[in-house]
Amino acid sequence: MTAGGSLANRWRAARPAVAGLHLDSAACSRQSLAVIEAAALHARNESEVGGYVAAEAAAPALDAGRLAFAALTGMPDAEVVFTTGSLNALDLLLGAWPADRRRVACLPGEYGPNLALLAAHGFDRQLLPTLEDGRVALDDAALALQADPPDLVNLTAVGSHSGVVQPLAMIAQLCRELGLPLVVDAAQALGQVDCAVGADVTYASSRKWIAGPRGVGALAVRRRLMEGLHPRLAAPEWLAGSFTVAEQLEFGEANVAARVGFSLALGEHLAYGPRAVRARLAELGGLSRRVLADVAGWVVVEEVDEPSAITTLAPVDGADPQAVRSWLLAERRILTTFVGVQRAPLELAGPRLRISPHVDTTADDLETFAEALIAATAATAG
């Protein structure tokens with residue numbers, strides 16, 4: 001059995017049987033039985049001994065989750081804050097950023113809700129130059145950043161609308177050389193590409209490639225940068241010194257059961273072997289693009305060898321991605337993603353269809369999807 005086959009079998013055996021064909025991991029992966037049970041056991045413990053007592057008992061598990069997140073992001077010296085997801089993490093960070101340093105550089109393919117948050121927090125936007133596929137043009141970006149330095153660079157490592165992988169390590173090195181804080185949105189990246197590049201800030205969600213529960217994520221900030229943040233919901237003066245900045249960012253109600261599940265999912269990912277998972281996902285991405293290359297009515301956006309499991313299909317000849325997505329789910333129980341232009345409003349010219357298989361997807365599954373896509377395209381035509 002191949003290494004990929006062994007990994008796929010272990011992954012599949014650890015989860016409930018899927019009801020159909022799940023090709024939507026970039027939106028929400030399937031949790032393992034162990035993760036589901038961990039969250040359920042914590043909820044039961046809350047009922048038996050009280051929510052706050054149960055939270056204290058869960059502290060070692062949560063600390064392990066923080067350490068795992070810091071390790072996967074290459075930030076062992078960072079402080080890690082649990083959030084409700086990636087957007088909440090960015091909101092917490094931007095709200096605490098110094099008011100006199102709010103000029104950000106990002107890519108034209110930046111996630112639409114991120115753009116909205118940047119505007120809501122009063123950040124001026126500087127767009128970095130890119131190649132035709134949306135990947136940052138490194139040399140041109142270096143010149144732009146050096147000539148007109150922003151206060152931070154916010155880089156979405158893998159977009160919500162495309163499987164193109166940004167050259168994260170090279171951008172991190174460039175930002176270090178220029179002395180610019182690098183903030184990495186790893187929502188679509190953590191678990192499928194290497195994010196251990198030593199950024200200053202990294203944030204991500206639980207529910208995507210890490211396959212944890214919904215409604216939880218994490219924000220990792222290097223200590224020296226964390227000390228300069230000013231949380232919106234800060235401790236009152238009479239409690240000053242009692243709470244760290246990280247603790248103040250975590251103020252508020254929390255779904256501790258989801259955090260426990262996320263922590264276990266991070267541990268499972270480390271146990272599978274991040275490098276093996278990344279290799280398998282890249283393999284599936286290449287296979288997906290080869291299988292879908294000749295499906296009439298669609299063009300594959302990514303190059304075959306893009307090291308990502310995400311494959312996006314742009315419609316031609318009037319195909320309707322939203323109608324096709326609905327037909328696939330209703331008629332064949334195949335779960336895919338409709339990508340609207342709001343996901344990348346500065347870059348997308350029209351909607352797309354996206355698939356994102358996880359490691360247990362087979363070649364037969366992808367052939368099944370290709371055949372169903374042909375039928376869906378015909379059924380929903382004009």
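Predicted model: local features only at pLDDT ≥ 70, side-chain atom pairs only at ≥ 80, totals over all residues.

Student: How many residues does helix α11 have, and what distance does it reach from its first C-alpha to its last?

Tutor: Helix α11, residues 274–292, has 19 residues and reaches 27 Å, close to the 27 Å expected at 1.5 Å a residue.

Student: Which residues of α11 are buried?

Tutor: An α-helix has 3.6 residues a turn, so residues three or four places apart point the same way. In α11 the buried residues include P274, V277, R280, L281, L284, S288 and R289.

Student: At what angle do helices α3 and α10 pack?

Tutor: Helix α3 (residues 51–72) packs against helix α10 (residues 256–272) at about 45°, and their axes are 8 Å apart. The two helices are therefore oblique to each other, and α3 passes α10 in a left-handed crossing.

Student: Which residues meet where α3 and α10 pack?

Tutor: From α3, the residues include A55, A58, L62, G65 and F69; from α10, they include V260, F262, S263, L266 and H269. The residues of this contact comprise twelve nonpolar, three polar and one charged.

Student: Where does A189 lie, and is A189 buried or exposed?

Tutor: A189 lies in the loop between β6 (182–185) and β7 (201–205). Burial requires under 20% relative accessible area; A189 has 0% and therefore counts as buried.

Student: With which residues is A189 in contact, leaving aside its neighbours within four places in sequence?

Tutor: A189 is in contact with A157, V158 and C195.

Notes:
Residues numbered from 1 in each chain as written. Heavy atoms only, no water. Helix = DSSP H or I, 4+ residues; strand = E, 2+ residues; numbered from the N terminus. Expected span 1.5 Å × (residues − 1). Buried < 20%, exposed > 50% of the residue type's maximum accessible area, 1.4 Å probe, protein only. Axes fitted to C-alpha atoms, helices over the stretch in contact; angles between N-to-C directions. Parallel < 35°, antiparallel > 145°, perpendicular 65-115°, else oblique. Left-handed = near helix turned anticlockwise from the far one by under 90°. Contact = heavy atoms within 4.5 Å. Nonpolar A, V, L, I, M, F, W, Y, C, P; charged D, E, K, R; others polar.
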